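Please look over the sequence and the three-dimensional structure shown here before reading the report.

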Number of protein chains: 2
Amino acid sequence: MQKKVIPELNPNVSVDCVIFGFDLDKLTVLLIDRGQQTQGGPRLALPGNLIYNDENLDQAANRILNELAGINNIYLEQVGAFGDPNRICKEADKEWLQSIRAEPEARVITVAYYSLVKMADYAPRASSFAKTAGWAPVTQIFELAFDHYEILQVAKDKLRQKIKIQPIGFNLLPEKFTLSQLHKLYESILEKPLDKRNFRRKVQKLGIVTPLKEKQQGVPHKPSRLYKFNEEKYEALSKNGYDNFDF
Amino acid sequence: MQKKVIPELNPNVSVDCVIFGFDLDKLTVLLIDRGQQTQGGPRLALPGNLIYNDENLDQAANRILNELAGINNIYLEQVGAFGDPNRICKEADKEWLQSIRAEPEARVITVAYYSLVKMADYAPRASSFAKTAGWAPVTQIFELAFDHYEILQVAKDKLRQKIKIQPIGFNLLPEKFTLSQLHKLYESILEKPLDKRNFRRKVQKLGIVTPLKEKQQGVPHKPSRLYKFNEEKYEALSKNGYDNFDF
């Protein structure tokens with residue numbers, strides 16, 4: 001009979017996942033509710049947990065996302081490691097760890113991951129210690145458990161840096177979309193209004209979108225022209241970036 | 001009497017530092033020699049060690065760099081976390097850990113940092129478990145202890161990404177320099193030849209260099225014009241980057 005090996009949790013290292021979602025209107029982030037603590041404090045947290053000693057960090061991130069929120073197969077990129085010795089200092093956080101961890105006092109360094117997905121493609125389903133799991137609008141989040149609010153800000157910065165050097169939107173918009181929808185996506189990520197004419201001019205200059213003969217149908221306003229991504233150009237820019245200092 | 005608290009090492013988390021140096025001719029990296037192992041294997045390693053439980057990751061990186069190589073006050077940026085469960089698999093690495101660690105079998109996740117400095121500004125001085133510390137040309141490194149060779153490659157990629165969106169060279173070249181020297185710096189980092197005319201045209205277009213009336217003196221070839229950085233422009237581009245998709 002094969003001996004079943006129970007994987008061993010590493011008490012000192014966790015991963016946390018910042019999964020951004022887009023619903024054609026706003027940027028959201030996947031959060032779990034860990035339930036009420038007697039000490040009060042934020043109930044919402046990024047999905048995260050300790051790693052097992054036999055898995056690598058990417059595997060841990062994928063496993064934990066699945067365990068807590070029922071979400072699979074997301075391409076994750078590292079945000080970085082967060083290791084302030086006081087990152088677990090709030091009373092509510094300590095109380096919560098007492099209830100779920102074998103060594104609740106251990107120093108924990110966390111490695112954060114992020115991704116940006118189309119919200120409609122994923123239906124979070126809470127399990128394990130998550131009471132609920134769901135999408136929250138990024139602009140409406142003001143506090144989170146542990147240092148998760150700080151991690152969220154750094155992940156937002158990474159996302160913004162990324163869209164400055166690479167195109168974005170391929171898996172976030174419908175196959176045929178309007179430039180207003182693409183504009184909305186960029187505004188949501190950058191969290192600031194972008195001049196519409198300027199934006200259109202830049203996008204067209206990059207050559208990543210191709211105008212179609214079709215227009216929108218069944219809309220209460222003047223129908224807009226539909227576009228699709230120019231896959232070849234989009235791929236090339238995704239790979240090489242569009243800095244103008246490319247030797 | 002004040003009780004002296006002996007700081008406690010965290011057995012599961014280390015930092016490793018990739019300090020790139022430039023000497024006007026080539027890109028180098030700071031390595032330590034950990035001495036001969038009976039099992040053979042690479043003797044050279046990035047300076048790195050376990051973190052203390054009362055310090056944050058940035059502090060750990062600075063402390064360890066100082067302890068192993070006598071180098072202080074370097075601005076370090078994170079490369080990322082490396083956590084393959086098999087990152088400590090070579091026999092020589094295991095043997096070495098037996099000689100320096102309390103828990104040599106522990107799973108260790110490492111957080112890598114990097115920086116790029118002018119070699120002439122720093123004179124490495126080995127101490128602690130480093131037998132020697134010094135600069136090695138990046139192009140002549142083919143293996144290192146643990147996963148340090150892989151970490152070095154990822155750090156090189158980060159550096160290359162960075163110089164594609166931000167100017168570089170301010171603290172790496174003399175105050176007055178030739179465009180050939182700047183060209184050499186970029187070639188060294190990108191590890192490929194760059195067309196000289198193209199390079200000059202791009203640098204001048206960015207406006208980061210200002211030509212001086214002076215020329216080189218005492219050189220065995222036709223003296224070249226000297227330049228200095230346009231600090232204002234350089235700062236602005238360092239902050240905002242020079243992508244052409246800046247909304």
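## Basis of the report

This is a predicted model, in which local features need pLDDT of at least 70, side-chain atom pairs count only at pLDDT 80 or more, and totals for chains, interfaces and linings use all residues. Residues are numbered from 1 along each chain as its sequence is written, chains are lettered from A and ligands numbered from 1 in the order in which they are written, and side-chain values use heavy atoms, with hydrogens and water left out.

## Overall shape of chain A

Chain A has six helices and nine strands, where helices (H or I, at least four residues) and strands (E, at least two) are DSSP runs numbered from the N terminus. Along its principal axes the C-alpha trace of chain A spans about 60 × 40 × 40 Å. Of the 247 residues of this chain, 51% count as buried; buried means under 20% relative accessible area, exposed means over 50%, and partly exposed lies in between, with a 1.4 Å probe and protein chains only.

Among the contacts in chain A with a separation of 6 or more, 71% come from residues 24 or more positions apart, a contact being heavy atoms within 4.5 Å.

## How the two chains pair

Two copies of a chain are related by a rotation about an axis and a shift along it. Here a rotation of 180° with 0.0 Å of shift along its axis superposes chain B on chain A, with an RMSD of 0.0 Å, the superposition being made by least squares on the C-alpha atoms of residues with pLDDT of at least 70 in both copies. That is the relation of a two-fold axis. The same surface serves both copies, since 100% of the contact residues of chain B recur in chain A.

In the interface, 40 residues of chain B are in contact with 40 residues of chain A. The two chains bury about 3100 Å² between them, 61% of it on carbon and sulfur atoms; this buried area is the accessible area (1.4 Å probe) that two parts lose on being put together, summed over both.

## Residues in the loops

Which residue in the loop between β1 and β2 (27-33) of chain B deserves a look? B:Leu24 is found there, and B:Leu24 has a positive phi of about 75° although it is not a glycine. B:Leu24 is partly exposed, with a relative accessible area of 34%. B:Phe146, in the loop between β7 (132-137) and α3 of chain B, also has a positive phi, near 50°, in a residue other than glycine; at 12% relative accessibility B:Phe146 counts as buried.

In chain A, A:Gln216 has its place in the loop between β8 (209-215) and β9 (225-229) and is buried, with a relative accessible area of 19%. Leaving aside neighbours within four places in sequence, A:Gln216 is in contact with A:Thr178, A:His221, A:Pro223, A:Ser224 and A:Leu226. A:Gln216 and A:Leu226 are ten residues apart in sequence and 6.4 Å apart in space, C-alpha to C-alpha.

## Salt bridges within the chains

A search of the whole structure finds 29 salt bridges over all chains. In one of these, A:Arg43 pairs with A:Asp33, with the closest N and O atoms 3.0 Å apart. The pair links distant parts of the chain, with A:Arg43 in the loop between β2 (27-33) and β3 (44-45) and A:Asp33 in strand β2, ten residues apart. A:Arg43 is partly exposed, at 33% relative accessible area, whereas A:Asp33 is buried, at 13%.

In chain B, the side chains of B:Arg63 and B:Glu67 meet in a salt bridge of 3.2 Å, N to O. Both lie in helix α1 (residues 57-69), four residues apart, about one turn of the helix. The side chains of B:Lys162 and B:Glu77 also meet in a salt bridge, at 2.6 Å from N to O. B:Lys162 lies in helix α3 and B:Glu77 in strand β5, so the pair ties together parts that are 85 residues apart in sequence.

Conventions:
A salt bridge is a side-chain nitrogen of Lys or Arg within 4 Å of a carboxyl oxygen of Asp or Glu.
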